[in-house]
Amino acid sequence: MDLLLDNLWLIIALPLAGAIALHFAGRFLPEPLPGIAAAGAIGLAFVIAAIAFVPLATGDAEPRTLMLWEWMPGLGAAFEIRWDQLSALMTLIITGVGMLIHIYSVGYMHGDPRFSRFFTYLNLFAASMLTLVLASNFAMMFVGWELVGLCSYLLISFWFTRPSAAAAGKKAFVVNRIGDFAFIVGLMLIFSQFGSLSMSETVLNHPGEVISPSMATAIAILFLIGAAGKSAQIPLYVWLPDAMEGPTPVSALIHAATMVTAGVYLIARNAAIFELSPVALPIVATVGAATALVAALIAIGQNDIKKVLAYSTVSQLGYMFLAVGSAGYVAGVFHLMTHAFFKALLFLGAGSVIHGMHEEQDMRKMGGLRKAMPITHATMLVATLAIAGIFPFAGFFSKDEILAAVFANGGYYFVLWGVGLFTAFLTAFYMTRQYIMVFWGTPRWVEGLKPHESSLWMTVPLMVLAVLSAGAGFINAPQLLTLEHYLDPVFEALHPAHLESELPRLLGMDGLALGLALVSLAVALTGIGTALYVYARSSERFREWFANATRRPMAASENAFWVDKFYGKTIVLPGKKLAQGMATFDSSFVDGTVNSVAGAVKRIGMALKPLQTGYVRSYGAGFVAGVIGLVIFFLTRGGV
């Protein structure tokens, strides 16, 4: 076991080696070998992580840091791996869910002319995210942070011949740069205050020994902006819905196992700094609650099957921010884990539907698919119930724990709890709407189309994820709290500030906790019942009345409240005009001035050119003329 623990770098190296090998040799391999090689690389990483996870989970091993090599010793920057409870859990999620997505992709990307290149990017994406979560210093974390941004750009614009895909990749890249800039400034403050970029015991658990609350606030806010970019929170969420332009497995990977979870991980990892600030955590919680609500309202009006899930991801990430902003770090990580299972299942299921419908994504042209696609239908139903928060599916436990953590803070957090509860209703409503529009009712697809179930490459991962989505919630069930105890060492130093007050009591099976859980379940059931009545059980007359009554709000929802247009008019368009103005200034004034000087020099040179004849007699005549001129000058001035 020690030999394995001493070589944990293999977890990053294996998918990275897969990416490098496929980059150079993938084009020479026939299908499905590149996919199998990529899935095997990340599968081996998962096996190593799972074996190394066991002694950590049983308490037979302590967290450790493995130094690989010094990078910039003066900055405390090195390639070193932190293997503790939090990084191990994140590693299992990334490699486990990532492996299933790799396997699914073998079937989904069949026939694509850039089949091997796709798996090159997938392996690189996984290696980048593993670098981020296993980093033991901020410099290495930043390397992973930037690499996932690059990989998202490559994968979102994978079908770059489509203008919309190229634009979506560019949009994701640019919006993330805004958050990344704030993250870099935050790292500068970390270095200026702690004298190093290393995640030392002081930084992670006792930052108050070095920095003041005001400095902690500055660092926390900058980290929050960086996290908002990666995790698509208000106001930087606009890139994630457009990321649907990439192949569906990419959406599953970004939304479930990589990239968007980086922001939640960043806050959870640096929880001690956020705890030190008197205002940072309420801001995080408020941003999360607002994002969860707005994204859920937008999801209601979407008709593209992937767009519904995209806004759903934004909303669920808001839930995670609401959790960590309420000092419910375990609840946030717990929801991150369960969400990885059911959101990956939802996206892969949507991909199966799109595949079976011959690339059709508009839910208004679907319906009645449950008979044609029984496995996809059954697994999507499980995922829908999980994300809706229905007992005993995974989402019920994690969402309930978040709401309990928010409620435990009292005061202003009661408002946020109400927002979270209403968002739970909306989540159940729009997910049920999607399920009904896709799988129930009369078929609405075009004549001649014959939907079919997907191959085993695609349906086996769906079934595995369905099992996890159904049962993973029991890992942290109230009577067990297995995940709570497992993560306790990571957040142990924070307990005096928050977790020893109300939270443990509320998370137990006392009367209040049970009451909150029943309220949460009732709200979710109400959301499902409302959607069932509106879209499946009501009369045609009622549906027409409902459509007319909600026409304007649904139009606003369908257009995402015109936020993109607002950004376009207030930021993008002025930015373009400013850039065009600067380009005109550069070409006319700067270039004009330089060109004018160059032209004058050229003209002077041309005027003097006749003097450079190359004949000695000409130069001699000039010399004599000069001497005569000097003599005349001195004679006429009386100087001789």
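Q: Helices here are DSSP runs of H or I with at least four residues, and strands are runs of E with at least two, numbered from the N terminus. Going by that, how many helices and strands does the chain have?
A: There are 27 helices and 2 strands in the chain. Bear in mind that this is a predicted model.

Q: OK. What does the C-alpha trace span along its principal axes?
A: About 120 × 65 × 55 Å.

Q: And how much of the chain is made up of buried residues?
A: Of the 640 residues, 53% are buried. As for contacts with a separation of 6 or more, 81% of those are between residues 24 or more positions apart.

Q: Let's get to helix packing. At what angle do α16 and α17 pack?
A: The angle is about 145 degrees, and the axes are 9 Å apart. Helix α16 covers residues 329–356, while α17 covers residues 374–388. The crossing is left-handed.

Q: Which residues make that contact?
A: From α16 you have Phe-342, Lys-343, Leu-345, Leu-346, Gly-349, Ala-350, Ser-352 and Val-353. From α17 come Thr-376, Thr-379, Met-380, Ala-383, Thr-384, Ala-386 and Ile-387.

Q: How does the α16 contact with α17 split by class?
A: It has 9 nonpolar, 5 polar and 1 charged residues.

Q: What about the loop between α16 and α17, is Asp-362 there buried or exposed?
A: Asp-362, which sits in that loop, has a relative accessible area of 16%. The cut-off for buried is under 20%, so Asp-362 counts as buried.

Q: What does the side chain of Asp-362 reach?
A: The backbone nitrogen of Arg-364, at 2.9 Å.

Q: Switching topic: where does Ala-262 lie?
A: In helix α12, which is residues 261–269. Ala-262 is buried, with a relative accessible area of 0%.

Q: Which residues is Ala-262 in contact with, leaving aside its neighbours within four places in sequence?
A: Met-129, Leu-132, Trp-145, Lys-230 and Ser-231.

Q: Now the rings. How many aromatic pairs does the structure hold?
A: It holds 34. One of them is Phe-142 with Phe-183, which is tilted: the centres are 6.0 Å apart and there are 40 degrees between the planes.

Q: Where in the chain are Phe-142 and Phe-183?
A: Phe-142 is in helix α6 (residues 138–156) and Phe-183 in helix α7 (residues 163–194). They are 41 residues apart, and the pair links distant parts of the chain.

Q: Is Phe-183 buried or exposed?
A: Phe-183 is buried, at a relative accessible area of 0%. Phe-142 has 21% and is partly exposed.

Q: What kind of pair do Phe-633 and Phe-634 form?
A: An edge-to-face one, 5.4 Å centre to centre with 70 degrees between the planes. Phe-633 is partly exposed at 40% relative accessibility, and Phe-634 is partly exposed at 41%.

Q: Which residues do ring pairs link into a cluster?
A: Phe-422, Phe-425, Phe-429, Tyr-533, Tyr-535, Phe-542, Trp-545 and Phe-546.

Key. Residues numbered from 1 in each chain as written. Predicted model: local features only at pLDDT ≥ 70, side-chain atom pairs only at ≥ 80, totals over all residues. Heavy atoms only, no water. Axes fitted to C-alpha atoms, helices over the stretch in contact; angles between N-to-C directions. Left-handed = near helix turned anticlockwise from the far one by under 90°. Contact = heavy atoms within 4.5 Å. Nonpolar A, V, L, I, M, F, W, Y, C, P; charged D, E, K, R; others polar. Buried < 20%, exposed > 50% of the residue type's maximum accessible area, 1.4 Å probe, protein only. Polar contact = N/O pair within 3.5 Å; in protein donor to acceptor, adjacent residues only side chain to side chain. Phe/Tyr/Trp six-rings, centres within 6.5 Å; stacked < 30°, edge-to-face > 60°.
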